[in-house]
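Please keep the sequence and the 3D view at hand while reading.

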Number of protein chains: 2
Amino acid sequence: MDNIYKIVLASNSPRRKQILDQLNIEYEICPSGVEETVSSSVPTEVCQELASKKAMDVAASIRTYNELHKDIVSPQNILVIGADTIVAANEEILGKPSDENDAVRMLKMLQNSSHSVFTGVAFVFISKEGRVGEYHFYEESKVYFYPMGDDDIKRYIDSGEPMDKAGAYGIQGKAAEFVRSIDGDYYNVMGFPIARILNELKTLGVKIKRYY
Amino acid sequence: MDNIYKIVLASNSPRRKQILDQLNIEYEICPSGVEETVSSSVPTEVCQELASKKAMDVAASIRTYNELHKDIVSPQNILVIGADTIVAANEEILGKPSDENDAVRMLKMLQNSSHSVFTGVAFVFISKEGRVGEYHFYEESKVYFYPMGDDDIKRYIDSGEPMDKAGAYGIQGKAAEFVRSIDGDYYNVMGFPIARILNELKTLGVKIKRYY
């Protein structure tokens with residue numbers, strides 16, 4: 001029983017919550033307030049560094065809380081999961097667009113071309129005895145867009161969907177019609193490579209709880 | 001204005017409806033009652049033949065109806081869309097499982113391996129002057145599964161999800177955790193390659209209506 005961990009998601013992304021819910025996975029949410037600054041500009045490093053920062057930040061809060069309330073907190077194993085998704089096209093990292101003009105610029109880069117989506121994932125394990133361990137990896141998916149006309153771009157931006165999304169699009173929403181194909185995991189493009197995550201946990205011998 | 005067509009979906013699949021709704025596309029539903037018998041055993045031919053059969057069947061009903069009610073039916077261009085999705089693994093075409101044992105058999109074939117998902121799509125155009133035209137194509141996506149243990153297969157079948165789905169799984173549901181990657185269109189794996197469909201219509205100069 002000692003390898004059962006309670007998941008704490010260090011993210012407030014509705015897509016990440018939706019994917020965990022879809023698979024009946026039990027979790028709590030504790031978003032990190034960490035600043036998203038990085039030391040690297042290499043996509044595979046940036047996404048892992050930010051994922052680790054978020055997970056470590058939340059893990060530190062949990063340990064402080066548990067220390068302060070050790071008389072009332074019953075010990076359990078905790079797995080904090082941090083994730084960070086970035087889009088990279090033509091050597092440029094695309095974050096969330098700053099405004100509609102920026103979204104137009106990004107979509108013009110992506111249309112009729114391919115780009116990569118990277119999600120970094122960090123696990124921070126806090127055992128019930130208080131030991132801490134960290135593990136991280138990234139998953140890459142290539143995405144190919146059909147050509148988009150100016151009218152397509154305008155209609156898509158008018159839908160309001162691009163503004164809170166890395167690369168200015170959401171594959172699970174109204175951008176579905178612009179994606180010619182994927183080479184990789186679809187859920188990674190949504191921002192949370194759940195199949196890889198569960199397989200890594202299986203390999204690590206970590207069990208999680210599900211609702212039935 | 002004469003190139004605007006009203007879509008009639010010759011399918012009752014909740015996934016196909018969901019994808020059209022996701023993109024605010026206007027359509028009506030008129031499922032075909034045609035028997036799913038085919039003359040071929042080649043996946044690319046089977047899926048197109050069935051898609052055409054469904055669309056032609058519905059188009060014939062519409063023309064009969066319009067002929068009988070020509071005094072009250074106002075003429076408009078109609079596009080009937082038929083679709084058929086099949087899964088092919090190890091030279092075998094996998095339809096919907098006949099029972100739970102069949103679902104176990106299929107999932108054991110798919111796990112730790114790759115397979116192809118084919119969706120055939122048929123357009124039948126009925127112009128407001130009564131002219132009929134047909135056009136069809138297919139889209140293929142490759143899907144790679146992670147290894148599944150017997151406990152994974154049992155839990156997935158217990159969820160009830162496999163029974164109404166070709167190949168005994170739904171990528172948009174609880175099978176998400178078993179899919180390592182896709183090479184192709186995700187929505188094609190769900191059963192409706194919407195991006196390809198809209199691009200074919202664009203190439204054909206056909207316009208459709210959307211809700212805003």
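Is A:Glu28 buried, partly exposed or exposed? With a relative accessibility of 43%, A:Glu28 counts as partly exposed, because that class lies between the limits of 20% for buried and 50% for exposed. The model discussed here is a predicted one.

**How the two chains are arranged**

**The cavity**

- Rolling a probe the size of a water molecule over the atoms shows where empty space is left.
- The structure holds one cavity of 30 Å³ or more.
- The volume of the largest cavity is about 50 Å³.
- Chain A contributes A:Leu198, A:Asn199 and A:Lys202 to the lining of the largest cavity.
- Chain B contributes B:Tyr146, B:Pro147, B:Asp152, B:Glu177 and B:Phe178 to that lining.
- Helix α6 (residues 194-204) of chain A gives the most to this lining, with three residues.

**Salt bridges**

- Over all chains, a search of the whole structure finds 34 salt bridges.
- One of these joins A:Glu28 to A:Lys6, with the closest N and O atoms 2.9 Å apart.
- This pair links distant parts of the chain, since A:Glu28 belongs to strand β2 (residues 27-29) of chain A and A:Lys6 to strand β1 (residues 4-9) of chain A, 22 residues apart.
- A:Lys6, with a relative accessible area of 23%, is partly exposed.
- A further salt bridge is formed by the side chains of A:Arg15 and A:Asp164, at 3.6 Å from N to O.
- Because A:Arg15 lies in helix α1 (residues 14-22) of chain A and A:Asp164 in the loop between α4 (150-158) and β7 (179-184) of chain A, this pair ties together parts that are 149 residues apart in sequence.
- A:Arg15 has a relative accessible area of 17% and is therefore buried, whereas A:Asp164 is partly exposed at 37%.
- In chain B, the side chains of B:Arg196 and B:Glu139 meet in a salt bridge of 2.7 Å, N to O.
- This pair also links distant parts of the chain: B:Arg196 is in helix α6 (residues 194-204) of chain B and B:Glu139 in strand β6 (residues 132-145) of chain B, 57 residues apart.
- Both B:Arg196 and B:Glu139 are buried.
- A network of salt bridges links A:Asp152, A:Arg155, A:Glu177, B:Lys202 and B:Arg210.

**Backbone angles**

- Most residues other than glycine have a negative phi.
- B:Asn112, a residue other than glycine, has a positive phi near 55°.
- B:Asn112 is placed in the loop between α3 (100-110) and β5 (114-126) of chain B, and its relative accessibility of 51% makes it count as exposed.
- B:Ala168 has a positive phi as well, near 65°.
- B:Ala168 is found in the loop between α4 (150-158) and β7 (179-184) of chain B, and at 0% relative accessibility B:Ala168 counts as buried.

**Distance along the chain and distance in space**

- B:Gln18 has its place in helix α1 (residues 14-22) of chain B and is partly exposed, with a relative accessible area of 42%.
- B:Gln18 and B:Phe192 lie 174 residues apart in sequence, while their C-alpha atoms are 9.9 Å apart in space.
- B:Gly160 is located in the loop between α4 and β7 of chain B and counts as partly exposed at 42% relative accessibility.
- B:Gly160 and B:Phe192 are 32 residues apart along the chain, and 22 Å separates their C-alpha atoms.

Key. Residues are numbered from 1 along each chain as its sequence is written. Chains are lettered from A and ligands numbered from 1 in the order in which they are written. This is a predicted model: local features need pLDDT of at least 70, side-chain atom pairs count only at pLDDT 80 or more; totals for chains, interfaces and linings use all residues. Side-chain values use heavy atoms; hydrogens and water are left out. On a 1 Å grid over the protein atoms alone, a cavity is a set of points where a 1.4 Å probe fits but cannot get out, and a pocket is an open set with protein on both sides within 12 Å along at least five of seven lines; lining residues have an atom within 4 Å of a point. Grid points are joined across faces, edges and corners, and a volume is the space filled by probe spheres set on the points. Helices (H or I, at least four residues) and strands (E, at least two) are DSSP runs, numbered from the N terminus. A salt bridge is a side-chain nitrogen of Lys or Arg within 4 Å of a carboxyl oxygen of Asp or Glu. Buried means under 20% relative accessible area, exposed over 50%, partly exposed in between (1.4 Å probe, protein chains only).
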